[in-house]
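Visitor: I would like to go through this structure and hear the grounds for each label. Please show it first.

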Amino acid sequence: MNNIRLSAILFVFLILSACNQKISETATAKTPGSSIANFDKYQIAGATVLAFGPDNVLFIGNSKEAKIHAVKTVATALPNPVPFNMESFDAILSKKLDMQPRDVIVHDMKIHPVSQEAYMAIKLGHQVDAKSVIAIVNPATTDIRFLEVNQSNSTSTSIKNPASSELLFWKETPASALTITDIDYHEGHIYVAGLSNSEFASSLRKIKFPFDNSQESVNSIEIYHAVHTQNETRAPIRTMLFDEINGESTLLASYTCTPLVTIPAEEIREGASIKGKTIAELGYGNTPIDMLVVNTQGFDGSITKNLLVTNKNRGGTMVPFASVQAGANGKGMAGQQAMFAMGLEGINEIPTANVMQIDVQNQQMLGIVRRNIETGDIDLVSELTGTFLRLSDFISEYDFPDYRYPQNQMGEGVKQYHDMVKQMEGYPDLTSKKRERN
Amino acid sequence: MNKGLIFIIFLSFSFVFSCEYSKVKEEILPEVMAVFPSSDTLPENLLRMYVHFSKPMKTLGNLENIKLINEQGQEVPGAIFNNVYELWDKEQKGLTLIFDPSRVKTGLIAHEERGRALQAGKKYKLFIGRLEDVEGKRLKEVYTKSFYITEEDRLPPNTAQWTIKAPKAKSQSPLIVQFPEMLDRLSLLQRLQVTDTNKQAIQGEVSITNQEREWRFVPTKKWSKGEHILYVHGRLEDPCGNNLNGLFDHKIGGLKNEREGELESIRFKIQ
């Protein structure tokens, strides 16, 4: 009997040790958002691209279902500009979602034009059926909440295949996929740029908003090559924006191979075959991420309007908008034989390496999602427009305890700038006044 | 030792074995199933390749581990276009690779300064490192596809050069369409359509064979006798991005049609 008892204990021990690993794996794998009440109502099939439109409407590009959702957001204006200082944001968000940071995928971020909150398209894991949520981050409280996309006043529309004759031919094979790469709202329409995993065509769709089931697709956009004036190609738009150029609404489009192209907005209509004017090449071996208009202030207080393009493989590109206008008024690069110029006057590189997403936050700041190369984490931070850097990323002689700013106008200017930025970046203790007191 | 003890020990081992076996079973690792174009001779202006995996893969951060390797065993930097979005199919099993279009196209600064990544007369390897599937399991092994590069392909696909082998009526034999050059696999899967003379689509299964030089269509119902139409969409491409309407990299005014995507039709008889 003792033997049997002993072997029964052995049996249980062996079972436990053999299956221990499996049990522990099961115990730690939680469902995303399991500690958030009614988390299901925030989840949608896919969300990759965001854009704000009129009346605080958020457009959500859902590549997985080829849909655009439009959700009315409720927002309260922030009385003062408040920066984001959320380093290791992926760790903060993943903790809230009961997930591992590596499984939380940030696809896009846009700043709410009224509340200055960051709206972020987040994919919950890597699985084929992984859902997405829109996380809303408040810069003042650092609270994270989620947007209920399928609320009563939200609407959506499906991205149709261009031209009825193509309906027959664009088969819904699992192999084909259209990735929405950008959405922009302009005068009653949203414009949707996409990238197909098969044909290298320029696809640009114009969808009336509020949605009424009507949709226009341009047939083709040809862009000139910069160096040899006689060649052109079809190519997909990667990122775009609308602005006035000499009183004319114009689409500024950046391509997957980085030419910058202008297209008059009125040419974008059903079935149009458009010739885009290449006004610049922004550097090769690169793909643009975001394009935005930013105003910078000079030492004399003057304001300059600029076009800013962030890039995946290099620092950002900034060019005065006046140069863009001059380029759009000229013949474009197709009229130039030379290849030494990039096309526009005053193209500058700015230090936005590792920036994954960027948007204008307020008059002074840009909201940024970046990969921190020191920690490897994803940060949600703000930077001053104009300097495009975070002082706290650097250690310089200014940080030495015995450093004294020169007693002149320049020294005073640098001191004031440092004090302002240290406060903004969450280091008020390091401002010069506090240091002198200590 | 009594019989009861032997029996319990046997039970223990069989349980442990089954636990271990189930662990082994879970450990089936992802693999590269195929790379397209399947040919090992490819043109210098190649724009696109597809990689097919046995399991759904993570859709981010893979391009750092996919490299073009030259004859000296060195990586050709900047060959494969590192997009913000990786281009995966819906099942996350098929990845589209694009050779940097600004180098493939002539007349852009990148082309002028760096030339094409692929040079005619040379051999290359596409190297796929140990990418992760959705569960974090790495590819069973690295994968390489070796190929030889020939002169650029400056001939757009031309339906006049296609051969159609019509099946017999009342059979379910395949309709076979043969091309003198390889065409793009995904384009072939979605840009050809068989209809009757009333433009009613014939349903069936498509397969791509003979290194993307042959399209086979097996109908779900038997073929009926009479005239049929094979519609070809003008956006049908070869792997260099040339389509029925003209070259990817064309002279101004060099396209056949101002409008892209016009349909071409080929009539054939089933007897």
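Visitor: In which strand is Asp290(A) found?

Guide: Asp290(A) is found in strand β20 of chain A, residues 288-297. Strands are DSSP runs of E of at least two residues and helices are runs of H or I of at least four, both numbered from the N terminus. This is a predicted model, in which local features need pLDDT of at least 70, side-chain atom pairs count only at pLDDT 80 or more, and totals for chains, interfaces and linings use all residues. Residues are numbered from 1 along each chain as its sequence is written, while chains are lettered from A and ligands numbered from 1 in the order in which they are written.

Visitor: Why is Asp290(A) called buried?

Guide: A residue is buried if 20 or more other C-beta atoms lie within 10 Å of its own, exposed if 12 or fewer, and partly exposed in between, with C-beta atoms placed from the backbone. Asp290(A) has 24 other C-beta atoms within 10 Å, so the residue counts as buried.

Visitor: Which residues does Asp290(A) touch, not counting residues up to four places away in sequence?

Guide: Asp290(A) touches Thr239(A), Thr310(A), Gln357(A) and Ile358(A) on that count. Contact requires C-beta atoms, placed from the backbone, within 7 Å. As for Asp359(A), 69 residues from Asp290(A) along the chain, the two C-alpha atoms are separated by 8.3 Å.

Visitor: How much of chain A is buried?

Guide: Of its 438 residues, 44% count as buried. The chain has 6 helices and 26 strands. Of the contacts between residues at least 6 apart in sequence, 54% join residues at least 24 apart.

Visitor: What makes the buried residues of α4(A) line one face of the helix?

Guide: Helix α4 of chain A, residues 321-329, has Val324(A), Gln325(A), Gly327(A) and Ala328(A) as its buried residues. Looking down the axis of α4(A), these residues fall within an arc of 160°, so they line one face. The arc is taken from the directions that lead from the helix axis to the C-beta atoms.

Visitor: Which strands do those buried residues pack against?

Guide: The buried residues of α4(A) pack against β16, β17, β18, β19, β21 and β22 of chain A. The helix lies across β16, β17, β18 and β19 of chain A, at about 130° to β19(A). Such angles run from 0 to 180 degrees between N-to-C directions, with axes fitted to C-alpha atoms, for helices over the stretch in contact.

Visitor: How do you know that β19(A) is mostly covered?

Guide: In β19(A), 7 of the 9 residues are buried.

Visitor: How many bridges join β19(A) to β14(A), and in which sense do the strands run, parallel or antiparallel?

Guide: There are 4 bridges between β14(A) and β19(A), and the two run parallel. Two strands pair if DSSP finds at least two bridges between them. Glu222(A) stands opposite Lys275(A) in β19(A). β18(A) is also joined to β19(A) by 4 bridges, but antiparallel, and Thr262(A) has Lys277(A) as its bridge partner there.

Visitor: What is the strand order of the open sheet of 7 strands?

Guide: The order is β16(A)-β17(A)-β18(A)-β19(A)-β14(A)-β15(A)-β15(B), with mixed pairing. At the edges stand β16 of chain A and β15 of chain B, each with a single partner strand, so one side of each is left without a neighbour in the sheet. From one strand to the next, the twist averages 35°.

Visitor: How many bridges pair β15 of chain A with β15(B)?

Guide: The two strands pair over 3 bridges in the antiparallel sense. Thr233(A) has Asp249(B) as its bridge partner in β15(B). For the complex the predictor gives an ipTM of 0.86 and a pTM of 0.87.

Visitor: Which residues have the most contacts inside the largest nonpolar core?

Guide: They are Phe59(A), Ile60(A) and Ile134(A), in a core of 133 residues. Strand β6 of chain A gives the largest share, 6 residues. A nonpolar core is a set of buried Ala, Val, Leu, Ile, Met, Phe, Trp, Tyr and Cys residues joined through C-beta atoms within 7 Å. Beyond four places in sequence, the contacts of Ile60(A) include Ala121(A), Ile134(A) and Val149(A).

How values were computed. Two residues are in contact if their C-beta atoms, placed from the backbone, lie within 7 Å.
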